[in-house]
Amino acid sequence: MLESKITHLTVCDVRFPTSLEQHGSDAMHTDPDYSVAYVVLETDSDAALKGYGLTFTVGRGTEIVVCAVKALSTLVVGKTLKEIIGDFRGFYRLLSSDGQMRWVGPEKGVIQLATAAILNAVWDLWARVEGKPLWKLLVDMDPAKLISCIDFRYITDALTEQEALGEVIKDCLEQMLKEGYPAYTTSCAWLGYTDQQLTQLCSEALAQGWTKFKVKVGADLQDDIRRCSLIRKLIGPNNTLMIDANQRWDVNEAITWVTKLAEFHPLWIEEPTCPDDVLGHASISKALAPLGIGVATGEQCHNRVMFKQFLQASALQFVQIDSCRVGSVNENLAIILMAAKFNVPVCPHAGGVGLCELVQHLILFDYVSVSASLNNRMCEYVDHLHEHFKSPTIIRNAHYIPPKDPGYSCEMLEESVQKHQYPQGEVWRAIEQQGKQ
Ligand SMILES: C[C@H](O)[C@@H](O)CC(=O)C(=O)O
Ligand SMILES: [Mg+2]
């Protein structure tokens with residue numbers, strides 16, 4: 001089936017009206033409608049083989065990502081899977097460095113999100129052909145082959161191909177299969193939730209076995225003090241608390257504000273300032289280190305070069321890879337291996353639709369084949385919209401259970417796609433009629 005030719009690419013604008021109930025809200029995204037540009041690659045295989053991919057956005061911008069996917073589609077349609085994976089590095093470059101398209105990037109913004117959606121679909125296709133979940137495809141792969149999927153351009157001053165090869169190990173599968181990968185929840189404390197909601201959701205989560213919680217902060221200091229105090233009291237001194245400002249502050253403001261929240265003992269402050277400000281993050285890291293608070297970032301860190309600089313400048317203490325922000329698995333492999341070399345733990349971002357489904361594969365690979373450690377490591381989980389996926393995440397006792405179905409867990413239910421397509425899906429037509437948005 002490797003000979004199968006990709007004959008067609010379709011892309012849909014699929015949106016969920018999460019803003020109506022403030023799910024996913026934070027200090028900068030006060031009304032997010034969790035959305036995806038959803039890609040399906042059709043092939044000429046007799047077995048009706050298809051590859052499914054997506055990238056995450058939060059509403060109106062999805063239509064721009066859909067346009068970008070269409071613009072890139074000519075680079076993938078007509079190729080066989082064998083051609084692509086025979087030189088995956090070259091194919092990655094073709095997409096990310098196309099002479100007429102790279103001007104609108106390069107490797108950042110909308111075009112990078114579109115690249116992620118397409119490449120996620122290619123990886124899904126490959127894993128399906130091999131009959132394995134993506135994480136297993138990665139951990140079983142010959143390390144040299146794995147490394148050959150990475151574009152090392154611009155990062156060899158931090159990680160050479162030879163060094164990357166040295167970071168790949170073979171270990172630690174048994175524990176994952178038995179217990180799963182530790183997760184934390186963000187679903188109890190979105191910024192738009194009331195204190196009553198927060199109390200109820202947090203109590204329920206504790207009863208379900210959750211021990212690590214993230215709280216949105218950054219809009220109003222007094223609100224943050226009240227909410228963090230409430231959560232800290234509910235979860236007790238021994239459970240873990242993280243806080244996330246979603247880029248709300250200037251550098252000095254971040255230091256002052258977080259210092260005032262230090263009494264609640266957060267493990268990290270996430271996205272304290274502009275996601276591109278490497279030196280700003282370094283200053284914040286330095287100022288907060290004596291308080292025992294680390295800096296986490298990555299969900300809007302648009303490529304491996306940014307991560308390289310954050311690592312080189314000791315500007316982050318937790319690397320938050322995202323399955324849909326950078327150039328798919330290819331680029332996330334580079335980031336995971338750089339994090340290993342700099343000895344910084346990877347704690348993936350997954351706050352969005354589909355992000356938990358995808359990123360669990362990458363963190364399983366990280367544990368089994370790279371880090372072999374759970375020290376200060378956990379993967380985000382948000383409890384929204386999993387019912388729209390063919391192979392939804394399975395959480396047991398606050399751990400991700402390794403997926404078994406072949407592919408990258410990107411495939412959505414046909415009915416969900418139809419109903420939520422924007423603007424023609426029935427969900428959006430009903431909302432329009434009710435005049436809600
Ligand atoms: C808009 C998203 O919900 C964002 O707030 C997610 C996020 O920052 C996280 O999960 O972390
Ligand atoms: Mg965040």
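## Briefing: strands, core and domains

In strand E3, Thr57 is the bridge partner of Ser35. The model is predicted; local features need pLDDT of at least 70, side-chain atom pairs count only at pLDDT 80 or more, and totals for chains, interfaces and linings use all residues. Residues are numbered from 1 along each chain as its sequence is written, and chains are lettered from A and ligands numbered from 1 in the order in which they are written. Helices (H or I, at least four residues) and strands (E, at least two) are DSSP runs, numbered from the N terminus.

- Three strands form an open sheet in the order E1-E2-E3, with antiparallel pairing. Pairing requires that DSSP finds at least two bridges between two strands.
- E1 (6-15) and E3 (50-57) are the edge strands, each with a single partner strand, so one side of each has no neighbour in the sheet.
- On average, neighbouring strands of this sheet are turned by 15° against each other, direction ignored.
- Strand E2 (residues 35-43) and E3 run antiparallel and are joined by 8 bridges.
- Helix H1 (residues 62-72) lies across E1, E2 and E3, and runs at about 175° to E1. Axes are lines fitted to C-alpha atoms, for helices over the stretch in contact, and angles run from 0 to 180 degrees between N-to-C directions.

**Nonpolar core**

- The largest nonpolar core has 143 residues. Such a core is a set of buried Ala, Val, Leu, Ile, Met, Phe, Trp, Tyr and Cys residues joined through C-beta atoms within 7 Å.
- A residue is buried if 20 or more other C-beta atoms lie within 10 Å of its own, exposed if 12 or fewer, and partly exposed in between, with C-beta atoms placed from the backbone.
- Ala37, Val39, Val69, Ala114 and Ile118 have the most contacts inside this core.
- Helix H4 (residues 109-130) supplies the largest share of the core, 15 residues.
- Domain 1 (6-142) and domain 2 (167-414) both give residues to the core, so it lies between them.
- Beyond its neighbours within four places in sequence, Val39 is in contact with Leu9, Val11, Gly53, Leu54, Val69, Ala117, Ile118 and Ala121. Contact means C-beta atoms, placed from the backbone, within 7 Å.

- The centres of domain 1 and domain 2, taken over C-alpha atoms, are 22 Å apart. The domain bounds come from an automatic or database domain assignment.
- 44 residues from domain 1 and 46 residues from domain 2 take part in the contact.
- H4 gives the most to the side of domain 1 that touches domain 2, with 12 residues.
- That side of domain 1 has 22 nonpolar, 16 polar and 6 charged residues. Ala, Val, Leu, Ile, Met, Phe, Trp, Tyr, Cys and Pro count as nonpolar, Asp, Glu, Lys and Arg as charged, and the others, Gly among them, as polar.

**Strands E7 and E8**

- Strand E7 (residues 268-270) and E8 run parallel, joined by 3 bridges. Glu270 has Ala296 as its bridge partner in E8.
- In E8 (residues 294-297), Gly294 and Ala296 point one way, Val295 and Thr297 the other way, and all are buried.

**Backbone checks**

- Gly105 and Pro106 are joined by a cis peptide bond, with omega about -15°. Pro106 lies in the loop between H3 and H4.
- Tyr422 to Pro423 is also a cis peptide bond, with omega near 0°.
- Glu271 is not a glycine, yet has a positive phi of about 40°. Glu271 is buried, with 27 other C-beta atoms within 10 Å.
- Leu385 has a positive phi near 70°. Leu385 is buried, with 22 other C-beta atoms within 10 Å.

Technical notes. Contact = placed C-beta atoms within 7 Å.
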